[in-house]
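Visitor: Pick one part of this model and take me through it slowly, please. Give me your cut-offs as you go, and then show how that part sits in the rest of the chain.

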Amino acid sequence: MVDQRKIEEAVRLLLEGIGEDVNREGLRETPDRIARMYGEIFAGMDENAGEHLAKTFAVESNEIVLVKNITFYSICEHHLMPFYGKAHIAYLPDGKVVGLSKLARTVEVYARRPQIQEQMTSQIVEAVMEHLKPQGAIVMLEAEHLCMTMRGVEKPGSRTMTLASRGCFQEEPKWQDLFFRMLGEDKVFNQDLAM
Ligand code: ZN
């Protein structure tokens, strides 16, 4: 659980630090609003992906499962600025599958905490490997980082792509090829992400 009082105090100091009057009308409730908002955007800190991936279903044939275009919003731990985009997750079962929405829940668990995209990608693939014990899994994230596009090098529209694979997706090129074919080359860069 987030400590709301600490966050409120920090936001007040931050506003003072940039030379603002924390008592002016528009800012008076900002510390409280941000404290409550942080409870929501960092809710993943109190969550465990294992809770979402615990319930599995037996399958007789092990065919690839891909869920693509899972929208996520996260916070870069270096600048506390948002990065957001799409996650694509595939796995090759070994006798059991999980409810499709649980893969999206798993993305949320890792997105809703201070993060870096590279780490989030491997955390998701590791969670799928650990809890589903599939023959292999692969995760690709594509995101825009506001710390890159709004400040610093200021490259609006630039996307960062990260990939993590385990098991057959790492060892046998045909499975990774199938993953990319299913993603569809032209759909990898989703247009509605562009602002
Ligand atoms: Zn950053």
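**Around one arginine**

Guide: Let's start with Arg113: a polar atom of its side chain sits 3.0 Å from the backbone oxygen of Gly44. That is a polar contact here, meaning N or O atoms within 3.5 Å, where within protein one must be able to donate a hydrogen and the other to accept it, and residues adjacent in sequence count only if both atoms are side-chain atoms. Bear in mind that this is a predicted model, where local features need pLDDT of at least 70, side-chain atom pairs need 80 or more, and totals for chains, interfaces and linings use all residues. Numbering runs from 1 along each chain as its sequence is written, and side-chain values use heavy atoms, with hydrogens and water left out.

Where is Arg113 in the fold? You'll find it in the loop between helix H5 (100–111) and strand E5 (114–115); helices (H or I, at least four residues) and strands (E, at least two) are DSSP runs numbered from the N terminus. Arg113 is buried, yet it has no salt bridge. Buried is under 20% relative accessible area, exposed is over 50%, and partly exposed is in between (1.4 Å probe, protein chains only). A salt bridge needs a side-chain nitrogen of Lys or Arg within 4 Å of a carboxyl oxygen of Asp or Glu. The nearest side chain of opposite charge to Arg113 is Glu47, 7.6 Å away (Lys and Arg are positive, Asp and Glu negative, with His and chain ends not counted). Even so, Glu47 is among the contacts of Arg113 once neighbours within four places in sequence are set aside, along with Ile41, Phe42, Gly44, Met45, Ser74 and Ile75; contact means heavy atoms within 4.5 Å.

Now step back along the chain into H5. Its 12 residues reach 17 Å from first C-alpha to last, close to the expected 16 Å, which is 1.5 Å times one less than the number of residues. Leu103, Thr106, Val107, Val109, Tyr110 and Ala111 are the buried residues of H5. Their cover includes helix H4 (49–53), E2, E3, strand E4 (96–98), E5 and H6.

Glu126 makes a salt bridge with Arg166, with N and O 2.8 Å apart at the closest. That pair ties helix H6 (residues 117–132) to strand E7 (residues 160–167), 40 residues apart. Glu126 is partly exposed, at 39% relative accessibility. Another pair is Arg12 with Glu8, at 3.6 Å, and both residues lie in helix H1 (residues 4–17), 4 residues apart, about one turn. An α-helix has 3.6 residues a turn, so residues three or four places apart point the same way. Here Arg12 is partly exposed at 36%, while Glu8 is buried at 18%. The structure holds 5 salt bridges.

His79 sits in the loop between strands E2 (65–76) and E3 (81–92), and Cys147 in helix H7 (residues 146–149), 68 residues away.
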